[in-house]
Amino acid sequence: MKQLILIKYGEIILKGLNRPFFEEALVKNIKAALPKDFKGTVHRAQATIYVEPEDPTTIDAIIHRLTKVFGITSLTRAFVLPKDIPAIQKGAAEVLAPVLRNIKSFKVEAKRADKKFPFTSPEICREVGGYLHDAFPNLTVDVNSPEEIVMVEVRERYAYVYCGRVKGAGGMPVGSNSKATLLLSGGIDSPVAGYMTAKRGVKLNAVHFFSYPYTGERAKDKVMSLAKILAEYAPRLDVHVVPFTEAQLAIKKNCPAEQLTIIMRRLMMRIAENIAVKTGAKALITGESIGQVASQTVEALAVTDAVTTIPVFRPVIGMDKEEIVTIARKIGTFETSILPYEDCCTIFTPKHPNTKPKLDRIQASETRLDIERLVSVAVDGTEIITV
């Protein structure tokens, strides 16, 4: 019996006349997430996307890959049946037997997308439910809290039966809401911030500040591993690895120790914005959370943002560490983030950082630096790695 994957989406349905744009973006991302050797078809109709591989034994593996595609709310393996009540009854009993034999309660839900079909949705539920109840003596009908829900969808060409949906990633298709540049460190927070922004349909690229020899190749490899995990959710992620040693040494030599972190962050934002503009990104993304460290007080964030001319997104700004860690574990970045390789921020952290910096004092200290040259050198020396 023919099998395929039915993919449902939620928020896209509300997009009115713009809906086809979002649907096409989702189909494009689904195709990109499929294995390179995939053979089969992908098409959409009636607020559903159909993925039909030639080899049905690959369906479970494909579903696993597609759970990381933003825009999908649920996926399921479905069986294709003729649009005929006796065929639906017999087919459902046959293909769902391995599940129905091992439970005690069930109910049937139906969706009649083809309004010409001679049975209404309640009638389909009654006919199929009665047949399955008779076919499996172990079953009782429970419309409130069933162990399993048998779904029947009658659509334009065929009927589909299934049970057991797999939850999708939700959100909006990546690429449907412009592009932004993520400041990607080796920590826990920034990958989560990137994930949360991509979930709203924003295409990502990333900037990583690398201070060799103070940070080594293992630290860089750690960040690239994080980028690879993010790329499972945000396909084709360009990571701009910025040489930052000269800039940090200049700041340390010429500026007050308590201002090092803020001035360094301001320079990072200048460089990241330069790269963002060059790559067509419309915003910056950071993993900053209010009060987590000295550079993330309200006053410090205001001084940091004063150098930018494009929006700065901070998706985890109101979260505590436990909440951020929960998401990091969910998306698979946590174990990599806690590997003990320091990044450029931790190497040059002063003992007593200024938590309430004054913009005029920071600007006065920055006059001791050749900001334009430091930005230019860093941007010109950037290595781009695509994952």
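Author: Let us begin with a strand pair: strand E2 (residues 40-45) and E3 pair in the antiparallel sense over six bridges. Two strands pair if DSSP finds at least two bridges between them, while helices (H or I, at least four residues) and strands (E, at least two) are DSSP runs, numbered from the N terminus. This is a predicted model, in which local features need pLDDT of at least 70 and side-chain atom pairs count only at pLDDT 80 or more, whereas totals for chains, interfaces and linings use all residues. Residues are numbered from 1 along each chain as its sequence is written, and side-chain values use heavy atoms, with hydrogens and water left out.

Reader: Which residue stands opposite Ala 45 in E3, and which residue of the hairpin takes a positive phi?

Author: Strands of a sheet pair through backbone hydrogen bonds, either parallel or antiparallel. Here Thr 48 in E3 is opposite Ala 45. The hairpin of E2 and E3 has two residues between the strands, and Gln 46 takes a positive phi near 55°.

Reader: In what order do the six strands of the open sheet lie?

Author: The order is E14-E13-E10-E11-E12-E15, with mixed pairing. Strands E14 (312-313) and E15 (383-386) stand at the edges with a single partner strand each, so one side of each is left without a neighbour in the sheet. Strand E13 (residues 284-285) runs parallel to E14, joined by two bridges, and Leu 284 stands opposite Val 312 in E14.

Reader: How many salt bridges does the rule give?

Author: Side chains of opposite charge can pair when their charged atoms come close. The rule asks for a side-chain nitrogen of Lys or Arg within 4 Å of a carboxyl oxygen of Asp or Glu, and the count comes to 20 salt bridges. One of them joins Lys 2 to Glu 52, with the closest N and O atoms 3.6 Å apart. This pair links distant parts of the chain, 50 residues apart: Lys 2 lies in the segment before strand E1 (3-8) and Glu 52 in strand E3 (residues 48-53).

Reader: Are Lys 8 and Glu 153 buried or exposed?

Author: Buried means under 20% relative accessible area, exposed over 50%, and partly exposed in between (1.4 Å probe, protein chains only). Both Lys 8 and Glu 153 are buried. They form a salt bridge whose closest N and O atoms are 3.0 Å apart. Lys 8 in strand E1 and Glu 153 in strand E7 (residues 148-154) are 145 residues apart.

Reader: What is the relative accessible area of Lys 107?

Author: Lys 107 has 19% and is therefore buried, whereas Glu 109, at 29%, counts as partly exposed. These two residues form a salt bridge, the closest N and O atoms being 3.1 Å apart.

Reader: At what angle do the axes of helices H8 and H15 cross?

Author: Axes are lines fitted to C-alpha atoms, for helices over the stretch in contact, and angles run from 0 to 180 degrees between N-to-C directions. Helix H8 (residues 245-254) and helix H15 (residues 371-380) have axes that come within 9 Å and cross at roughly 155°. That makes H8 roughly antiparallel to H15 (angles under 35 degrees count as roughly parallel, over 145 as roughly antiparallel, 65 to 115 as roughly perpendicular and the rest as oblique). Glu 246, Ala 247 and Ala 250 of H8 make the contact with Arg 373, Leu 374 and Val 377 of H15, where contact means heavy atoms within 4.5 Å.
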